[in-house]
Amino acid sequence: MRPYYSLLDEPWLAAVTLTGEHISCGIRQILQQAHTMRALTDASPLVEYGLYRLLCVLLMDALRPQELEDLEELLDKGQFDAETLERYYKQCEREGCIFDLFDPERPFLQAPYRPEWDKAPKPVRVLDVTIPSGNNHTHFDHRENENISFSYAQAARLLPSVQLFCTVGAQDYRPGPNGAPPYYALLQGDNLFETLVLSMINLDTVRGQFDRPPALWRSTIEIEPKRVVPETSWLYGMLFPARRVLLLPDKQTQTVSSVYFSQGMNYIAAQNWTDPHVTYRFHDEGRFAWRPNQERPVWRNLDTLLRNDKKSRPRTLEQFTALRPEKRYASVTLYGVQTDRSRYVDIMRYDLEIPTAALRHPYAAALVEASIKLSEELASVLRASLTHEDIPPAVTSEAEQAYYDDCERRMWQMCGEIPADTDADLQPLLLEWVEGITQSARQQYAKAIGRISLRGAALIAVTQRQGLLMAKIHKIRKEYGLCRNSKNN
C-alpha cells in the first residue's frame with residue numbers, strides 16, 4: 001500500500017512564531033495562524049524562498065485580488081479568512097488534487113510516473129544544490145552524500161526550489177521562464193501574514209493569462225520532457241515545471257532516498273514573462289533579469305531597485321509604498337544562486353533596508369547610478385595606482401576592497417538622507433558623495449603604501465603612479481565644482 005502524506009496537515013513547513021517559538025505545521029495551519037508567526041525558516045535560502053513562493057501562488061489562486069485596494073483591505077483585516085481557504089482546498093480536492101505528496105496520479109508539485117520517461121532513479125541529493133555532487137561545490141552541507149535520504153517533510157520542502165533555481169540544462173534548454181536563476185526579492189512584513197500579502201500582486205497588473213493553465217497542482221498538463229512551451233499563465237509560470245520530478249518513498253523508513261529526475265518542459269518566450277519578484281535591467285540588446293554575481297555586490301546594482309519606471313524593480317516593491325505609506329523603510333530579502341551553465345557557484349541571501357523616500361523620489365535612481373559609476377571609476381584608478389611589481393597583489397586587493405566597503409557604507413547613508421519631498425534637489429547629496437569617496441580613495445592609498453617598504457627606484461616609480469590617482473581625484477572634484485578654494489585637491 002502506498003504512503004499518504006497530506007501537505008495540508010502534515011508538519012512539513014518550519015516557521016518561527018512572534019514569541020520566538022520554532023514550530024512545524026502544514027499549509028492549513030501555517031495560513032490560519034500566519035498573523036501569529038514571524039517567518040518561514042530553512043537552513044537553505046533557496047528552499048526558504050521556494051516555500052514563500054509556493055504559499056504566494058496558492059494565495060493568489062485562492063483569493064484573486066483584482067485591484068490594489070483588495071490587497072489593502074486584506075492587510076487591514078490582519079489575517080487570512082479560514083473559510084475562504086477551506087473552500088479553495090475543497091475545490092482543489094473536487095478537481096482531483098488532494099495535496100498528497102505521493103498520490104499516484106496527482107503527486108503534489110511532481111509528475112506522475114510514466115515508464116516512457118521515468119527510466120532510472122537518481123539519488124535524492126539531486127534535489128538539493130547545497131549538497132555537493134558532480135560539478136557543484138560544497139556550500140552549506142559537508143556531509144558524505146552517497147547514502148543520503150530525506151524525511152518526507154524534507155523532500156517536500158525541496159520541491160519548489162528545484163523549479164526556481166535549476167541551471168541551464170543539456171542542449172541549452174532554459175531552466176524556466178526566468179532563465180538562469182535571478183535574484184528574487186521578498187518584501188518582509190511585521191509578521192508572516194503581512195509578508196505573504198506583500199508578496200502578492202493585484203490581477204489588474206498581470207499581463208496575459210492569469211490561470212489558463214491553472215496552478216501546477218491543479219493542472220492536468222502532462223510534464224513532457226523537452227516539450228516546447230511558447231506561452232504560459234501567471235499561476236503556472238510562477239512554479240513552471242522546468243524539471244520533471246517524482247519522489248520515490250520508502251514506506252518502512254518513511255524517507256526518500258531516490259527520485260525520478262529529468263529535463264522538464266522548455267519555456268521559450270522569456271521576454272513575455274514578467275516575474276513580480278524579479279528586478280530587470282534594460283540594455284540595447286533587450287531586458288535582462290538581475291542575477292547574482294560575486295564580482296558585483298548588491299549595492300552596486302541598487303539603482304535598478306530604486307528605478308520607478310514601472311518596469312525595472314519588482315512589482316511587489318513598486319506597490320509597497322501604496323500598501324504601506326506609513327513605513328519609512330522597505331525590508332527586502334534577496335534570494336539567489338550564481339550559476340555557470342550547469343554548475344552552482346554560490347548561494348546568496350541579503351537583507352536590505354531600503355528607505356521609502358528613495359523609492360518615491362523620481363531622481364533617486366539617477367543619483368545612485370551616478371554615484372556608483374563614480375565609485376567604480378575611482379576604484380579602477382586606485383587599483384592601477386597600486387599595481388607595481390614591488391607592491392604585493394594582496395595589498396592592492398585589500399586597499400580596493402576597503403575602499404568599496406567604505407563606499408557601501410556611504411551609499412546606504414546617502415540613501416537614508418534622500419528627502420521625503422519628491423521635489424527636493426539631490427545635487428547636495430551627490431557633492432557630499434564625491435567628497436567622501438575621493439577622501440576614502442586617498443586614505444586607502446596611503447594605508448596601502450604605509451604597509452610596504454620601498455627604496456630607490458621602486459619608491460620613485462610607485463610615487464609616480466600616485467599621480468594617476470591624484471589626477472583622477474582632481475578631475476572628479478573639478479567637474480563637480482569642488483576645487484575652487486583648494487590647491488591641494
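**Terms and values in the model**

Modeller: Leu 31 touches Leu 55, Leu 58, Leu 59, Phe 80, Leu 85, Tyr 89 and Leu 196, leaving aside residues up to four places away in sequence; a contact means heavy atoms within 4.5 Å. This is a predicted model, in which local features need pLDDT of at least 70 and side-chain atom pairs count only at pLDDT 80 or more, while totals for chains, interfaces and linings use all residues. Residues are numbered from 1 along each chain as its sequence is written, and side-chain values use heavy atoms, with hydrogens and water left out.

Colleague: What makes a set of residues a nonpolar core, and which residues have the most contacts inside the largest one?

Modeller: The term denotes buried Ala, Val, Leu, Ile, Met, Phe, Trp, Tyr and Cys residues joined through side-chain atoms within 4.5 Å. Here the largest such core has 160 residues, and Trp 12, Ile 27, Ile 30, Leu 31, Phe 80, Phe 99 and Trp 217 have the most contacts inside it. Helix α2 (residues 45–63) supplies the largest share of this core, 13 residues. Helices (H or I, at least four residues) and strands (E, at least two) are DSSP runs, numbered from the N terminus.

Colleague: Why is Phe 99 called buried?

Modeller: Buried means under 20% relative accessible area, exposed over 50%, and partly exposed in between (1.4 Å probe, protein chains only). Phe 99 has 0% relative accessibility and therefore counts as buried. Phe 99 lies in the loop between α4 (82–94) and β4 (122–123), and has a positive phi of about 60° although it is not a glycine.

Colleague: Why is Arg 64 called partly exposed?

Modeller: Its relative accessibility is 30%, so Arg 64 counts as partly exposed. Arg 64 is placed in the loop between α2 and α3 (68–77), with a positive phi near 50°. Most residues other than glycine have a negative phi, and most peptide bonds are trans. The bond joining Arg 212 and Pro 213 is cis, with omega about 10°.

Colleague: Why are β2 and β3 said to stand at the edges of their sheet?

Modeller: The open sheet has 3 strands in the order β2-β1-β3, with antiparallel pairing. Since β2 (22–25) and β3 (37–40) each have a single partner strand, one side of each is left without a neighbour in the sheet. Two strands pair if DSSP finds at least two bridges between them, and 3 bridges join β1 (residues 13–17) to β3. Thr 17 stands opposite Met 37 in β3.

Colleague: What makes α5 "mostly covered", and where does the helix bend?

Modeller: Of the 13 residues of α5, 12 are buried. Its buried residues pack against α2, β5 (150–151), β6 (184–187), β8 (243–250) and β9 (255–263). Helix α5 (residues 152–164) bends by about 25° at Leu 158, and Pro 160 follows within four residues; the bend is the angle between axes fitted to the seven residues ending there and the seven starting there.
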